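The sequence and the structure are shown first.

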Amino acid sequence: MFFTYEQPEFDRKDPAEIRRVIGEAAQNGREAAREGRCADYIPELAKANPEDFGVCVRDLSGETVAFGETEKRFSIQSISKVINLAAALKFLGFQETFSHVRMEPSGDPFNSILKLDTVSEYPSNPMINAGAIQVMSLLSNFMDFDELLTFARAFCMDDGIELNEAVYRSEAETGDRNRAIVYLLKSKGVLCGEPEKTLDLYFRMCSLNVNAGSLANMGLLIANGGQNPFTGKHVLHPGYVRTIRSLMYTCGLYDESGEFGVTVGIPSKSGVGGGIVASVPARCGIGTYGPALNAKGNSAGGIAALRHLSHLLKLNIFD
């Protein structure tokens, strides 16, 4: 179903008006969350409060507007795929990275292996589980978890990010489908690292504890071409950021990416922990948290909030 909004005229440069719209988006997100449910295939995720919702918007000047549960920590889950891809591009380069994973939308659920076994030896893109596991197999040959954690903290501009041990154990104990994926890749002769080491790093990165502010920071770094706007440090080359932004737009919300691209139009990445990171080029980063998911595995509240922000603040990259 597609949605349209009237776009009332107001001063989109007025901080009070911007805050009002973000507050409306947060309320819309909280209401939409009632239609979703928390992920339960990872038992630890089922413990989240489905009524939680928060949205954080941070611009290049550091101005921040936040409503709701924006400080509450939750597991990053599939949003870590953006960090892993960024690390692969930074340390291995574009050519080596995309010699082992494709860059095409799959149109299938995030944990599907259908096209991997029928269309190509290589995963469709780095934003689905098979592609992220393949990227992790590359990284596993020269980076350990502590090094990846350090990179994640820089990429999210958040030194408070830690491993959620309970989620990690829950992932490792129940991740049979991801275990099947890593061994399918190995059976095809395309996996680049040792299977169990690859899988362990993948589970650990999915289990990082972030909050909506961390995700807003990540979106802001991407919006600023890979440069931390507060320290001036270049975390990632702008050319690699453009690649990441493109894949977020075309593949970031699983098999809901096409509809999201039309109705929201912001490069974004979701995770089944309830987070969505969104990046508006040269403008702002947005982080949302709402663990109640829709049928596609995306935060019901996060999508509603981002739709509202995009339409009223004209954040669609095609506007």
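Predicted model: local features only at pLDDT ≥ 70, side-chain atom pairs only at ≥ 80, totals over all residues.

Thr70 is located in the loop that runs between strand S2 (64-68) and strand S3 (74-75). Because its relative accessibility is 6%, and buried means under 20%, Thr70 counts as buried. When neighbours within four places in sequence are set aside, Thr70 is in contact with Gly54, Val55 and Cys56, and also with Asn211, Ala212 and Gly213. Thr70 and Gly290 are separated by 220 residues in sequence, while their C-alpha atoms are 9.9 Å apart in space.

| Helix | Number of residues | First to last C-alpha | Expected at 1.5 Å a residue |
|---|---|---|---|
| H6 (residues 145-156) | twelve | 16 Å | 16 Å |

At the start of H6, the backbone nitrogen of Asp146 has a side-chain oxygen of Asp144 within 3.2 Å. At the start of H9, a side-chain oxygen of Glu194 comes within 3.2 Å of the backbone nitrogen of Glu196. H6 is followed by Met157, which has a positive phi, near 50 degrees.

Which residues of H6 are buried? They are Phe145, Leu148, Leu149, Phe151, Ala152, Arg153, Phe155 and Cys156. The elements that cover these residues include helix H2 (80-92), helix H5 (129-139), strand S4 (162-163), helix H9 (195-206), strand S5 (208-210) and helix H10 (212-223). In H9, the buried residues are Pro195, Thr198, Leu199, Leu201, Tyr202, Phe203, Met205 and Cys206.

**Packing of H5 against H9**

Two packed helices are described by the angle between their axes and the distance between the axes. For H5 and H9, the angle is about 115 degrees and the axes are 9 Å apart. The crossing of these two helices, H5 and H9, is right-handed. On the H5 side, Asn129, Ala132, Ile133, Met136 and Ser137 take part, and they meet Thr198, Leu199, Leu201, Tyr202 and Met205 of H9. These H9 residues, Thr198, Leu199, Leu201, Tyr202 and Met205, are among the buried residues of that helix.

**Cysteines**

How many disulfides does the model contain? A disulfide is a covalent bond between the sulfur atoms of two cysteines. With a cut-off of 2.5 Å between cysteine sulfur atoms, the count is zero. Cys38 takes part in no disulfide, and the nearest cysteine sulfur, belonging to Cys206, lies 17 Å away. Cys38 counts as buried because its relative accessibility is 13%. Cys156 is also in no disulfide, the nearest cysteine sulfur being that of Cys56 at 12 Å. Cys156 has a relative accessibility of 0% and therefore counts as buried.

Notes:
Residues numbered from 1 in each chain as written. Heavy atoms only, no water. Helix = DSSP H or I, 4+ residues; strand = E, 2+ residues; numbered from the N terminus. Buried < 20%, exposed > 50% of the residue type's maximum accessible area, 1.4 Å probe, protein only. Contact = heavy atoms within 4.5 Å. Expected span 1.5 Å × (residues − 1). Polar contact = N/O pair within 3.5 Å; in protein donor to acceptor, adjacent residues only side chain to side chain. Axes fitted to C-alpha atoms, helices over the stretch in contact; angles between N-to-C directions. Left-handed = near helix turned anticlockwise from the far one by under 90°.
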